[in-house]
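These are my notebook entries on one chain. I list what I looked up, entry by entry.

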Amino acid sequence: MNRKDFLVNACTLCLSAAAVSSLLPSCASTRYVSGNLGKDGLLVSRDEFKINQKGSTAYRSFIIIRNDALQFPICIYRFSDEEYSALWMRCTHQGAELQASGDVLQCPAHGSEFNNRGEVRNGPADNALRTFPVTISNNDLFIDLRKQA
Ligand code: FES
């Protein structure tokens with residue numbers, strides 16, 4: 001291997017490592033929980049949003065509830081300790097499962113996007129996502145699956 005080939009290979013390796021390491025935090029930051037499913041809704045601890053970092057506490061902006069009893073996941077966004085939204089992750093265009101990316105839910109089928117309150121940001125979907133009322137009881141969130149927020 002000559003000097004030029006060595007440098008090209010070394011640079012390619014460094015760029016690949018940098019690209020992979022930049023993806024890891026975003027993968028690691030998505031938290032999936034099953035919640036406790038009851039007759040009327042789901043209970044999820046507010047602690048699921050906490051990230052403990054060397055003596056201080058930070059909070060995830062969202063978590064995703066995946067439960068075998070639910071046809072689609074529910075994304076819960078945290079706006080403050082007292083304010084949350086719960087969004088049914090089913091695209092209102094043709095029913096594909098959405099993917100959460102920061103404060104946006106994206107549809108892999110045809111590209112619709114929804115904000116963290118379920119409103120359409122980009123079509124082809126025309127209608128907002130189904131949302132559920134979220135109430136706080138002690139340290140738990142109750143997501144009422146009987147109603148629409
Ligand atoms: S099913 Fe989501 S944009 Fe078509």
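I call a residue buried under 20% relative accessible area, exposed over 50%, and partly exposed in between, with a 1.4 Å probe and protein chains only. The model is predicted, so I take local features at pLDDT of at least 70 and side-chain atom pairs at pLDDT 80 or more, while totals for chains, interfaces and linings use all residues. Residues are numbered from 1 along each chain as its sequence is written, and side-chain values use heavy atoms, without hydrogens and water.

**Entry 1: salt bridges**

I searched the whole structure for salt bridges (a side-chain nitrogen of Lys or Arg within 4 Å of a carboxyl oxygen of Asp or Glu). The search gives 11 of them.

I looked at Glu 83 and found a salt bridge to Arg 117, with 3.1 Å between the closest N and O atoms. This pair links distant parts of the chain, 34 residues apart: Glu 83 is in the loop between strand 7 and strand 8, and Arg 117 is in the loop between strand 11 and strand 12. I take strands as DSSP runs of E with at least two residues, numbered from the N terminus. Glu 83 is partly exposed at 35% relative accessibility, and Arg 117 is partly exposed at 39%.

I then checked Glu 82, which forms a salt bridge with Arg 46; the closest N and O atoms are 3.8 Å apart. Here too distant parts of the chain are linked, with Glu 82 in the loop between strand 7 and strand 8 and Arg 46 in the loop between strand 3 and strand 4 (50-53), 36 residues apart. Are Glu 82 and Arg 46 buried or exposed? Glu 82 is exposed at 58% relative accessibility, whereas Arg 46 is buried at 12%.

The next pair I looked up is Arg 146 with Asp 40, whose closest N and O atoms are 3.5 Å apart. Arg 146 sits in the segment after strand 15 and Asp 40 in the loop between strand 2 and strand 3, 106 residues apart. Asp 40 is partly exposed, with a relative accessible area of 24%. I also note a network of salt bridges that links Lys 39, Asp 40, Asp 144 and Arg 146.

I traced an open sheet of 4 strands in the order 2-3-15-14, with antiparallel pairing. Strand 2 (36-37) and strand 14 (134-137) are at the edges with a single partner strand each, so one side of each has no neighbour in the sheet. I count two strands as paired if DSSP finds at least two bridges between them.

Strand 14 and strand 15 (residues 140-144) pair in the antiparallel sense over 4 bridges. Along this pairing I find Ile 136 opposite Leu 141 and Ser 137 opposite Asp 140. Asn 138 is in the loop between strand 14 and strand 15, and its phi is near 55°, a positive value in a residue other than glycine. Asn 138 is exposed, at 70% relative accessibility.

**Entry 2: nonpolar cores**

I looked for nonpolar cores, meaning sets of buried Ala, Val, Leu, Ile, Met, Phe, Trp, Tyr and Cys residues joined through side-chain atoms within 4.5 Å. The largest has 16 residues, and Val 44, Ile 65, Ile 74, Ile 76 and Ile 143 have the most contacts inside it. At least two residues of this core come from each of strand 3 (41-45), strand 6 (62-65), strand 7 (74-78), strand 8 (84-88) and strand 15. Strand 8 gives the most, with 3 residues.

I listed the contacts (heavy atoms within 4.5 Å) of Ile 65. Leaving out residues up to four places away in sequence, they include Val 33, Leu 42, Val 44, Ile 74 and Ile 143. Apart from this core lies another, of 13 residues, among them Tyr 77, Leu 105, Phe 114 and Leu 129.

**Entry 3: Asn 116**

Asn 116 is in the loop between strand 11 (113-115) and strand 12 (120-122). I find it buried, at 15% relative accessibility. Beyond residues up to four places away in sequence, Asn 116 touches Tyr 77, Phe 79, Ser 85, Leu 87 and Asp 103.

**Entry 4: cysteines and a cis peptide**

How many disulfides does the structure hold? I find 0 disulfides, a disulfide being a pair of cysteine sulfur atoms within 2.5 Å. Cys 75 is buried with a relative accessible area of 0%, and Cys 91 is buried with 1%.

Last, I note a cis peptide bond between Gly 123 and Pro 124, with omega about 20°. Pro 124 is in the loop between strand 12 and strand 13 (131-132).
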